[in-house]
Amino acid sequence: MRCIMRYLNTTNPQKLYGLFFSILAASIVIIACTDSTTSKQRNPEPAKAIVVTSTGMNFDLPGQIPSGWTTFRYQNKTDITHFFVIEKMPEFEGDQKTVEDSKEEIVPVFQNIMDDINGKDPSFPDAGFELPEWYPNVLFVGGPGLIGPNGTAETTIRLSPGTYVIECYVKMPDGTFHSTEGMIKGLEVTEEISDIDPPDPNVEMTLSSTNGIEVDGNLTAGENIVSVIYDDQKAQEHFLGFDVHLARLEDDTDMDELGAWMNWSTPNGLTTIAPVEFLGGAQEMPMGGTAYVKVNLEPGEYAWIAEVPNPAEKGMLKTFTVE
Ligand SMILES: [Cu+2]
């Protein structure tokens, strides 16, 4: 903890915020494909999705995709929970930062910080505890939420052309970020515009730092499209902003344990195995951003929950029933 305190003294929260996201390393495989998986669709669905697949600590996906509205279908073909957040990389002093810069200057620093929180020696002694000057300019622009073993998450967002990184910063039980293990990959978004329209939502959600998660409409059994609007965005105590994830609750789900798990900056936070089955969601976006989350639900008990410290106290834990 001594090291992180030193780090925090010399680094503003936004800086830390950006750095954290760059930590996760993996390889995902994306398969551009047409949708053939859903036969019963109440809402029109984009014709094409960018398929991102994890078969281990990796991401497989196309290296280059069009700009505009983009549906990411994330296939988690592993037996632990993952997600990915999409980060727009900055130009700094005339130099376009890429995934290689993240792997060199951000991932090792966040790992060292986590190691310090866990009372361990730094995994990357040469990297130190300070994020690079350009880190605060990394912009989180959304992505699919937490998705449990062998699940598929689908989230639509609008992307501007540029150089991006996707990463998963869920942790192994020993505190090793999945990004450190390889769950980080670059993505180029081209000037060419996709011909996709955003899907038509049956439920509308608004997220804000003042009112938490507000939901207008009822989720039903079968397919739902939830629009998620970011009314504002603010760094929380864990230096990241807020987002929203969908969890399926069981009779014995410990809601306090679930709430505590949503904070990466604690030893047990965001470590696999996750305490519930997650079904996707919308990753952190800037104020004014909108994401569309597609979920297919069975009757049961569910919760929307943000990946922040103390989500319940912030109005960022909302349970609901699907009949
Ligand atoms: Cu992961």
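This dialogue explains how to read several features of a predicted model.

Reader: Which residues coordinate the copper ion?

Author: Donors are N, O and S atoms within 2.8 Å of the metal (3.2 Å for Na, K and Ca); water is not among the atoms, so sites may look incomplete. Here H82 (ND1), C168 (SG) and H178 (ND1) coordinate the copper ion at 2.0 to 2.1 Å. Both H82 and H178 are buried, where buried means under 20% relative accessible area, exposed over 50%, and partly exposed in between (1.4 Å probe, protein chains only).

Reader: Which residues have the most contacts inside the largest nonpolar core?

Author: A nonpolar core is a set of buried Ala, Val, Leu, Ile, Met, Phe, Trp, Tyr and Cys residues joined through side-chain atoms within 4.5 Å. The largest one has 84 residues, and F72, V228 and F278 have the most contacts inside it. Domain 1 (2-193) and domain 2 (203-322) both give residues to this core, so it lies between them; the domain bounds come from an automatic or database domain assignment.

Reader: Is L270 buried or exposed?

Author: L270 is buried, with a relative accessible area of 0%. Its phi is positive, about 60°, although L270 is not a glycine. N150, also not a glycine, has a positive phi near 55°, and N150 counts as exposed at 60% relative accessibility.

Terms used:
Residues are numbered from 1 along each chain as its sequence is written. This is a predicted model: local features need pLDDT of at least 70, side-chain atom pairs count only at pLDDT 80 or more; totals for chains, interfaces and linings use all residues. Side-chain values use heavy atoms; hydrogens and water are left out.
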